[in-house]
Each structure stands twice: as structure tokens, then as C-alpha cells.
Amino acid sequence: MSADTTDGAEVAPDELDRAELAARVDELEARLADVEADDDDGQPKMSIIATKGTLDMAYPPLILASTAAAFGYEVTVFHTFWGLDILHEERSKELKLSSVGNPNMPVPNVIGALPGMDRMTTKMMEKRIADNDTATIEELIETSLDMGVEFQACQMTIDLMDYDEADFYDGVTTGVGAATAIQDMADADIQLLV
Amino acid sequence: MTDYEVTETLDVKGQNCPMPVVKTKQSVDSLDAGDALEVLATDPGSVSDLGGWAETTPGVELIDQQEGADVYTHYVRVTE
């Protein structure tokens, strides 16, 4: 520590300030090191909660999950309630689009509520998906799994819907609950509820 | 822009979001540092998407993007 004070009477307080500052810097550097150490390997994380199981609402979590994985994110998608159907190998291929409750639909709700209308709108959407070469739900799941996305199936919902663990795509994590989702969200840089 | 020699070509013509970005990442992972990947796409969104992806993702660098009549060609270098 330099002593550029000429007046002897002021040396003591000045040096004390410098010593305090040096100690404070040391303390902050130690805390910064702790924070950086807590930051794991620095890999960014994303946590998505998927709650919907209609054909249109199955896409956003899968598109975001696979894209985030491409960005180098560690991604977990926690599927609960109807969102669980996205991971169900058979049901994921039969997701439906509702013809009611969506004002953007070209048919009025009163017509959309007629029997067979959901099937018709679903077929129309499936045809558009095929014509546009948009990836299927199955393709997006397989690709995401390849890229290391962790799909979690909420255990409570599995029991509630009476599904079997074998019903899900290979690689899907079962036996997890809300606490796992909270933990992932707390660690994540991006948290989304879909 | 610097000189580069294309190491591999990825054809994602006809495929839409998010596949051009996702498949580019998968191809990049199989390449070595210094390699250059050529990506052929028809999705107009791929120009912005691949640009943003390359900017944000560690280990890759966008060397060039060319807009042809129907095909968008992207060049990505693996940096690490």
C-alpha cells in the first residue's frame, strides 16, 4: 500500500480506509467466485411446463424445446394433465384440434359443436401440416430426444389418467412430480408454461 | 468474410421451422473445429433463424448467407 500522505497526522485514518477497501474487495471477490461456482458449467437451461394436449398446443413446447437444444440449452419439458398425451406414443399420433372455442375458426361455434366437427377440423389441420412439410409431433419428439431434451411425465397425471409407463416414447422420464419441475424452473434461465 | 472450403452440405429444402436450425446443429455436432457447413434451405425464416442461432450459440460462426431464386444458402463455420 502506498503512503503518499505528507501530513503524519492523517496517515492512520487514510491507511485504515485503504485497508478496509482492500478487505472489502477481497470479500466481494470471494463471493463472486462462489456465485460463479454455483453457476455449474455455464450451460444455459430452459424449463417448459406442457399442460395442453390439443394438436395446435402440442407444437409450441416441442418447437421451443428442440430449438433451445440447438442453441446449446439443457432443456426439460414437464408434461402434466393433457400435456401428457404428447408423450403417449399412441395418443400423440391422434391429437385433435377443437372446432369450438377458437374465434379464428372459419365455422361458428354453433356449427363447430356438431358431432364430427372436431374430426373434420383435425383432418384439415393434419392435411395442412403435411402439405406444408411441417414436422409431425412424432418427428419433433424423436428429434428433441436425439438432441438431449429431457421429457418428463408427471407421475400424478400418469396415475390419474391410468396410463402405463410403457405407453410413452422411449427415453421419457417417469416418476417425477411438481418438486422436480420447481427445481428445474429455479435452475433455468427460461421458464415457460404452455 | 474469410476464405472457406465447404466440408459438408446439409439439405433441408422443403423443411420448416424448427428443422433447419435443429438439423444444422445436429450436423455441426458431427463436424470438427475449422470445418464449414453449407446449408440449403427453402424456408424464408431460415435466414433470420440461422443468423440468430449462430450469433447466440457457442462454437459456431455464420460466414455467409446467400438468397437465391428459391433456395437460401447458409455457410456456418465450426469454431470449437
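This is a predicted model: local features need pLDDT of at least 70, side-chain atom pairs count only at pLDDT 80 or more; totals for chains, interfaces and linings use all residues.
How are the two helices placed relative to one another? Two packed helices are described by the angle between their axes and the distance between the axes. Here the axes of helix 2 (residues 55-70) and helix 5 (residues 137-146) of chain A come within 9 Å, and they cross at roughly 30 degrees. Angles under 35 degrees count as roughly parallel, and the crossing angle therefore makes helix 2 of chain A roughly parallel to helix 5 of chain A. The crossing of helix 2 and helix 5 of chain A is left-handed.

Which of its residues are buried? The buried residues in helix 5 of chain A are A:Leu140, A:Ile141, A:Thr143 and A:Ser144. They cover an arc of only 170 degrees around the axis, so they lie on the same side of helix 5 of chain A. These buried residues pack against helix 2 of chain A together with helix 1 of chain B. After helix 5 of chain A comes A:Gly148, which has a positive phi, near 90 degrees.

The crossing of helix 2 of chain A and helix 1 of chain B is left-handed.

Contact between them involves 14 residues of chain B and 12 residues of chain A. On the chain B side, helix 1 (19-29) and helix 2 (45-56) are the elements that give two or more residues. Helix 1 of chain B has the largest share of that side, with 5 residues. The residues on the side of chain B that touches chain A are 7 nonpolar, 6 polar and 1 charged.

Why is helix 1 of chain B described as largely enclosed by the rest of the structure? The reason is that 8 of its 11 residues are buried. The buried residues are B:Met19, B:Pro20, B:Val21, B:Val22, B:Thr24, B:Lys25, B:Ser27 and B:Val28.

Some details of the backbone deserve a look. Most residues other than glycine have a negative phi, and most peptide bonds are trans. In chain B, the peptide bond from B:Cys17 to B:Pro18 is cis, with omega near 5 degrees. B:Pro18 sits in the loop between strand 1 (8-12) and helix 1 of chain B.

In chain A, A:Phe81 has a positive phi, near 45 degrees, and is a residue other than glycine. A:Phe81 belongs to the loop between strand 2 (74-79) and helix 3 (109-112) of chain A. It counts as partly exposed because it has 16 C-beta neighbours inside 10 Å. A:Asp162 is not a glycine either, and its phi is positive at about 60 degrees. Its place is in the loop between helix 6 (155-161) and strand 4 (173-176) of chain A. A:Asp162 counts as exposed because it has 6 C-beta neighbours inside 10 Å.

Two further residues show how parts of a chain that are separated in sequence can touch. A:Thr54 lies in the loop between strand 1 (45-50) and helix 2 of chain A. With residues up to four places away in sequence not counted, A:Thr54 touches A:Leu95, A:Lys96, A:Leu97 and A:Ser98. In chain B, B:Glu38 lies in strand 2 (residues 36-41). B:Glu38 and B:Thr73 are 35 residues apart in sequence, with their C-alpha atoms 6.9 Å apart in space. B:Glu38 touches B:Val6, B:Thr9, B:Thr73 and B:Tyr75, again leaving out residues up to four places away in sequence.

Terms used
Residues are numbered from 1 along each chain as its sequence is written. Chains are lettered from A and ligands numbered from 1 in the order in which they are written. Axes are lines fitted to C-alpha atoms, for helices over the stretch in contact, and angles run from 0 to 180 degrees between N-to-C directions. Helices (H or I, at least four residues) and strands (E, at least two) are DSSP runs, numbered from the N terminus. Angles under 35 degrees count as roughly parallel, over 145 as roughly antiparallel, 65 to 115 as roughly perpendicular and the rest as oblique. A crossing is left-handed if the near helix is turned anticlockwise from the far one by less than a right angle, and right-handed if clockwise. Two residues are in contact if their C-beta atoms, placed from the backbone, lie within 7 Å. Ala, Val, Leu, Ile, Met, Phe, Trp, Tyr, Cys and Pro count as nonpolar, Asp, Glu, Lys and Arg as charged, and the others, Gly among them, as polar. A residue is buried if 20 or more other C-beta atoms lie within 10 Å of its own, exposed if 12 or fewer, and partly exposed in between; C-beta atoms are placed from the backbone. The arc is that of the directions from the helix axis to the C-beta atoms.
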